[in-house]
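I opened my notebook to look up a few things in this structure. My entries follow the order in which I looked.

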Number of protein chains: 2
Amino acid sequence: MVSSKDVAKMAGVSQSTVSRVLNNPASVKPVTRNKVLNAMKELSYHPNLIARSLVTNSTRTIALITGTLYNGFFVETTNSIINLATSRGFKTLVYFEGAMKLRDVFDSLRGQKVDGILLSSITLDDPMFEEIKRSQIPYMMFNRRPRDGGNYVVLDNLLAGEIITRHLLDLGHQRIAYISGETNVSTFFERKLGVQKALSEAGTSLQPELFHVIDTNPTDVEKVTLKLMHMSQPPTAILCATDAMAFACMDAILSLGLRIPDDVSLAGIDDISMASHHAIQLTSVGHHKFRMGEIAAENLIEMIEHGFSPDHPRQIVLQPELVIRKTTGRKK
Amino acid sequence: MVSSKDVAKMAGVSQSTVSRVLNNPASVKPVTRNKVLNAMKELSYHPNLIARSLVTNSTRTIALITGTLYNGFFVETTNSIINLATSRGFKTLVYFEGAMKLRDVFDSLRGQKVDGILLSSITLDDPMFEEIKRSQIPYMMFNRRPRDGGNYVVLDNLLAGEIITRHLLDLGHQRIAYISGETNVSTFFERKLGVQKALSEAGTSLQPELFHVIDTNPTDVEKVTLKLMHMSQPPTAILCATDAMAFACMDAILSLGLRIPDDVSLAGIDDISMASHHAIQLTSVGHHKFRMGEIAAENLIEMIEHGFSPDHPRQIVLQPELVIRKTTGRKK
DNA sequence: CTGAAAGCGCTTACAG
DNA sequence: CTGAAAGCGCTTACAG
């Protein structure tokens, strides 16, 4: 491998000068600079970024710890995060939730000297939150947040749950099923609170046989959907805690030969882009245009470049918007 | 930051010994080893992987250069690639096609000392291909390949194009439109060849007014679909070169109030998982079960760990399977 | 504007 | 089984 020492020798200068033309070209005389530049080209020299990182203690790399791409929401955030990071000259190391324990990912990240961390994968009372704060590495959580404190950008999930439930109530639905993910996660915890709030304001409540907390994978959603629709008195509307779950739910409903919304109304939360496809037309509530991924990445990079104080956390809450499409209808 | 020197001091041993308990614990006496281990825990020591990489010349990191996640095909490969890499102890640096020039990505990768490269983003006559080979970095291409040579895993795209076209011909369609991506990319080049082959075997050919080569983004697909359906004599079937394009095409057809397949048949290529959703039911041809992403990652890691010879390239061609769903029907 | 020297935090022969 | 020394390829004061 050709090193800056080789370039220096060929150009007849010192290694320091080679380093300068790389990092502060204005500080070296044009004639010298050109000699160095030519030697670099001649030897097709590529500076060893590892060596540079060791001394500068910066890698221009961020880590993204995200929920699975089988959830279209994370496809969108992953896409915008990586694109934004790239445009700002950062590389992105991607980790999927569940493939490794958060604690191991985090230990590895410390050794790797990433400049910042973006994560969606944190539970309400996650013990890792303290460690992350203690590590002093700039971080930004998105979509989910710990019970209190920290830097994050999230949807107003309580309001989202409330709005979408009220929409179903307004259509005359009384038997509303709610399929949720585990409530040790802020999104599911808060969305459920919103659902309950809207129901109680309507003088009713979440009925135990219509409320299911499950793993969010398509198979489990399908199973519980079949169970619901096979009840002696099935729900007239099903609300899923995410659009990704609503897609799986829709798949199961249609597989039964039932029609949406004629036989059962269906709604989701997140308003991901596939929801607007003409073959889907899912009623949902979300924040599509606010670009949560970009907000997260932008704030993180600002913290990396301009410093941050733990005393002034960045807490951004996006307002949800109801988007009524074709999967919800008046109760017959 | 606490370094191995601090650990050594606290444990009363040399830095070499600290390094040994990390890399070859069996070679150090249990008593000594425990003293070191305790010191590490006490100081909550995390070895600096950057420093290690500088001397071992290995980063346990691979780079993935992939097409956009707005194409569901790449969602699936990205997901399986990162999961497989993680399970083998590799980190994954992700780059999206288009966000940076391939040449810049590649220059950056050299400096970063990634252990291997996985890329879908290469054109038939891409000048970068020579550079990649010359760099000696293990690499594996997937989905697309250069005109000749190299390590890759691809679908038999010609056969795929042929099979799906024959399916449409068998249903009695004669006015078959074909919407393709740029043919300087192997997938589109070969799929088109397959389409032409099937048509010519049926005594017909690709008619210029029904053949469109466009950028694969949804907006352009929708535009060309509208143009097609507004012809005085519209096609009775539309074939899209990828499922992702077919989804956009479907969206446009449905927005016109037309029914699929009653008014027009629609088919794609890739057989991505969303194609089987009951609200979509897209007829397609692909290799779903062969897990292209995993094959690519597995081969790359094998090359990294056991070496590779440019004289024996790894060239894997997956056989396509036709999956007839609900979007294609007999010509009326 | 440029060079010599030290140092970033590891690993790796080498010697004992 | 363990330690002292050198070195990986850069950058960064410091001096001139």
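**Entry 1: a glutamate in chain B**

I started with B:Glu162, which is buried at a relative accessible area of 6%. Buried means under 20% relative accessible area, exposed means over 50%, and partly exposed is in between (1.4 Å probe, protein chains only). I noted that this is a predicted model, where local features need pLDDT of at least 70, side-chain atom pairs count only at pLDDT 80 or more, and totals for chains, interfaces and linings use all residues. Residues are numbered from 1 along each chain as its sequence is written, chains are lettered from A and ligands numbered from 1 in the order in which they are written, and side-chain values use heavy atoms, with hydrogens and water left out.

Next I looked for a partner. B:Glu162 and B:Lys197 form a salt bridge, 3.2 Å from N to O. The term means a side-chain nitrogen of Lys or Arg within 4 Å of a carboxyl oxygen of Asp or Glu. B:Glu162 sits in helix H8 (residues 157-170) of chain B and B:Lys197 in helix H9 (residues 186-201) of chain B, so the pair links distant parts of the chain, 35 residues apart. I took helices (H or I, at least four residues) and strands (E, at least two) as DSSP runs, numbered from the N terminus. B:Lys197 is partly exposed, at 35% relative accessibility.

**Entry 2: salt bridges in chain A**

I moved to chain A. There, salt bridges that share partners join A:Glu162, A:Arg166, A:Lys197 and A:Glu201 into one network. In the pair A:Glu162 and A:Arg166, the closest N and O atoms are 2.5 Å apart. Why about one helical turn between them? Because A:Glu162 and A:Arg166 are four residues apart in helix H8 (residues 157-170) of chain A. A:Glu162 is buried at 6%, while A:Arg166 is partly exposed at 34%.

I also found a salt bridge between A:Glu302 and A:Arg314, at 3.4 Å from N to O. A:Glu302 lies in helix H12 (residues 292-306) of chain A and A:Arg314 in the loop between H12 and strand S11 (315-318), so the pair ties together parts twelve residues apart in sequence. A:Glu302 is partly exposed at 38%, and A:Arg314 is partly exposed at 23%. Over all chains, the search finds 34 salt bridges.

**Entry 3: where the chains meet**

How many salt bridges cross the interface of chain A and chain B? The rule finds zero. I did find eight residue pairs in polar contact there, both at pLDDT 80 or more. A polar contact is a pair of N or O atoms within 3.5 Å; within protein, one must be able to donate a hydrogen and the other to accept it, and residues adjacent in sequence count only if both atoms are side-chain atoms.

In all, 45 residues of chain A are in contact (heavy atoms within 4.5 Å) with 45 residues of chain B. The area buried between them is about 4200 Å², and carbon and sulfur atoms give 69% of that. Buried area is the accessible area (1.4 Å probe) that two parts lose on being put together, summed over both. In chain A, A:His46, A:Ile50 and A:Asn79 lose the most area to chain B, together 14% of what that side buries.

**Entry 4: one threonine**

Last, I checked A:Thr183, in the loop between strand S6 (176-180) and helix H9 (186-201) of chain A. A:Thr183 is partly exposed at 26% relative accessibility. Leaving aside neighbours within four places in sequence, A:Thr183 is in contact with residues including A:Leu124 and A:Val213.
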